[in-house]
Amino acid sequence: MYYAKEGDPLTLIIEESSGLCGPGAVITDCKVRTVDLDLEDGPLELQLPAEQVVNKVIMAPKVLLDRVNELDTSSDFIQIEMSPLEPFFSLTTRGSLVKVVDTMDKDSSYIFSFEVTKTQRFSYRSNMFKLIQRTLQCCCKVSLRTNEEGFLCMQFMVRFDNCPKICFVEFFFAPVEHVDL
């Protein structure tokens, strides 16, 4: 992973192979655009402080990736519902022909932590979920946290074989108002 200079993309290169660039070698080169900001008033800080978190679910990334991939791709929105009652966690899309609802029990072996105190249902633009798919493929855990207004912070725990440190990548999603699936 490297970042050459201000204005350049953040570059992540992942190489998986059975030998040195022999048959079966897979190299993933991911470049994330960066934005130059006027930081006269200090750095831009996107965060969801712990005291503002209403609901938090930590799960295996593969299960979230599989579920997002199974949803209706013609839908412009994905609705996430977290509830202390059944259904505990659900993803919903409504496409041109069908409504798809995918639920997960809080006691699922794929859910590592379920701290949901209030039923919340918010919709987000589905194209935002396409942006996280690569991150879901290389992380080992994903945390979904929401605040009272429905802002969603998805935090990905990433480990690299040659690095003893754990890295975290965060994506923030603003809810779309007045969308009922």
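**Figure 1. Overall content of the predicted model.** The model is predicted: local features need pLDDT of at least 70, side-chain atom pairs count only at pLDDT 80 or more, and totals for chains, interfaces and linings use all residues. Residues are numbered from 1 along each chain as its sequence is written, and side-chain values use heavy atoms, with hydrogens and water left out. The protein has 3 helices and 12 strands, taken as DSSP runs numbered from the N terminus (helices H or I, at least four residues; strands E, at least two). Among contacts with a separation of 6 or more, 57% are between residues 24 or more positions apart; contact means heavy atoms within 4.5 Å. The accessible surface comes to about 11,700 Å², and carbon and sulfur atoms hold 51% of that area (Shrake-Rupley method, 1.4 Å probe; for residues, only the protein chains shown count as cover).

**Figure 2. The ring pair F88 and F114.** The protein has 4 aromatic pairs, defined for rings of Phe, Tyr and Trp (its six-membered ring) with centres within 6.5 Å; planes under 30 degrees apart are stacked, over 60 edge-to-face and the rest tilted. The planes of F88 and F114 stand at 90 degrees with the ring centres 6.0 Å apart, so this pair is edge-to-face. F88 lies in the loop between β5 (77-82) and β6 (89-94), and F114, 26 residues away, lies in strand β8 (residues 111-116). F88 counts as buried because its relative accessibility is 9%.

Figure 3. Y124 and F173 form an edge-to-face pair, with 6.3 Å from centre to centre and 75 degrees between the planes. The pair links strand β9 (residues 120-125), which holds Y124, to strand β12 (residues 163-173), which holds F173, across 49 residues. Both Y124 and F173 are buried. Ring pairs join Y124, F129 and F173 into a cluster.

**Figure 4. K141 over the ring of F112.** K141 lies over the face of F112, 5.2 Å from the ring centre. The criterion is NZ of Lys or CZ of Arg within 6 Å of the ring centre and within 35 degrees of the ring normal.

Key: Buried means under 20% relative accessible area, exposed over 50%, partly exposed in between (1.4 Å probe, protein chains only).
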